[in-house]
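The text below goes through the pairing, then the interface.

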Amino acid sequence: MPSYQKDIRRVINEYIRPDSTLATMEGIHSELTGESRDFTRWDDVEKTYLQMEWDGETYHRFLELSREFVEGNTETTSESYFDIVEPEDDLAETVINELSAREASESEDLRVEEGFVYRERDDRVIEGTYYFSTVSIEITAEPDIRRQPTPKSINFRIDPSERLLIVETTYPAHVQKIQSVFNNETAIGVTICGDLTILPGQADKSIISFINEFRDEEDQITHE
Amino acid sequence: MSEEHDPIIGEISEVKMYNPVTGEDDPIETIDFKGITDIFEHDDIEERRDNGWIVRGFTADVDYRNKRYEVTVAGNQVMGYVKVDDIADFEEGNELLEKMRGAFRDHFGFRY
């Protein structure tokens with residue numbers, strides 16, 4: 001069945017591989033065959049797949065699974081962390097006061113939402129969104145200048161008992177924006193949580209202890 | 001006990017390194033890590049550490065509830081963060097993120 005083989009090689013090398021890790025391929029493989037395999041290189045994948053027996057049904061299943069794994073069905077979530085250093089007392093109350101004092105409203109000049117929207121959950125965690133906009137300038141045919149705002153938003157949570165700000169993105173521009181809004185415009189002071197470059201002598205130990213927490217005894221990192 | 005649902009960190013696919021003297025920031029990403037459990041025994045990493053570089057983050061396979069994820073944990077002057085890739089089930093992915101967040105604060109959240 002040379003026709004399947006040629007297409008299968010193409011799907012692996014030109015469709016799956018550019019956008020995926022070997023873990024993705026292992027996922028496809030286990031769904032397709034019911035067996036779990038530990039691929040160490042893409043060459044292994046190709047060799048295995050060219051040696052498998054294919055028919056119309058398994059070939060179509062392979063295509064479906066490839067699309068499922070590569071294009072969707074899986075998502076990424078990420079968040080960044082800040083320690084809340086100010087105020088020392090009455091944190092929850094201060095957060096609510098500061099956020100409500102800057103509740104989102106339409107700005108006068110550009111008529112876009114600016115400020116905070118928030119709610120306090122039953123577990124006292126405060127969920128919020130900060131609205132702002134970036135502005136670009138266009139020169140119109142008249143000619144005249146027109147300021148064109150693009151609305152943006154950043155979601156975050158504040159856990160007063162943990163004194164932690166969780167920003168629900170790792171996009172650097174947004175992370176830096178929310179950090180500077182808190183530090184420069186409110187009474188809430190935050191510092192980066194987990195900046196390993198500040199104490200170089202401590203960094204490797206932090207990494208090792210993190211990894212070891214999630215490893216069996218025989219796989220522990222024992223270095224140093 | 002929730003021990004049956006403990007995440008397991010498997011192979012490490014990338015190590016983020018930083019040189020505190022020069023400010024250089026550079027990831028080491030290589031297939032050479034395959035099979036090496038202790039990344040600190042890897043030649044490239046050992047060599048850099050001898051030259052004053054530190055490890056400031058990593059990306060690894062993490063198995064959780066019979067699914068495999070790719071997790072990145074790192075911190076520098078811009079942010080400390082956790083990223084979980086390959087989430088097929090939102091609830092389970094979120095559970096994993098919460099566990100990683102707890103560990104992030106325990107191990108990376110030192111005060112100075």
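Two strands are taken to pair if DSSP finds at least two bridges between them. Helices (H or I, at least four residues) and strands (E, at least two) are DSSP runs, numbered from the N terminus. This is a predicted model, in which local features need pLDDT of at least 70, side-chain atom pairs count only at pLDDT 80 or more, and totals for chains, interfaces and linings use all residues. Residues are numbered from 1 along each chain as its sequence is written, chains are lettered from A and ligands numbered from 1 in the order in which they are written, and side-chain values use heavy atoms, with hydrogens and water left out.

Start with strand 1 of chain A. Strand 1 of chain A runs antiparallel to strand 7 of chain A, and 4 bridges join the two. In this pairing A:E86 lies opposite A:G189 of strand 7. Strand 1 of chain A is also joined to strand 6 of chain A, again antiparallel, by 4 bridges; here A:D83 has A:L164 as its bridge partner.

Strand 1 of chain A also pairs across the chain boundary. Its partner there is strand 5 (residues 80-87) of chain B, in the antiparallel sense and over 6 bridges. Within strand 5 of chain B, B:V82 is the bridge partner of A:E79, and B:G80 is that of A:Y81.

Now take the interface as a whole. With contact meaning heavy atoms within 4.5 Å, 58 residues of chain A touch 52 residues of chain B. The size of an interface is often given as the accessible area lost when the parts come together. Buried area is that loss, computed with a 1.4 Å probe and summed over both parts. For chain A and chain B it comes to about 4,900 Å², with 61% on carbon and sulfur atoms.

A salt bridge requires a side-chain nitrogen of Lys or Arg within 4 Å of a carboxyl oxygen of Asp or Glu. The rule finds 5 salt bridges across the interface of chain A and chain B. B:R68 forms a salt bridge with A:E26, where the closest N and O atoms are 3.0 Å apart.

Which elements give two or more residues to the side of chain A that touches chain B? They are helix 2 (22-33), strand 1 (75-86), strand 6 (164-167), helix 6 (172-185), strand 7 (189-192) and helix 7 (200-213) of chain A. Helix 7 of chain A gives the most, with 11 residues.

Terms used:
Buried area = accessible area lost by both parts, 1.4 Å probe.
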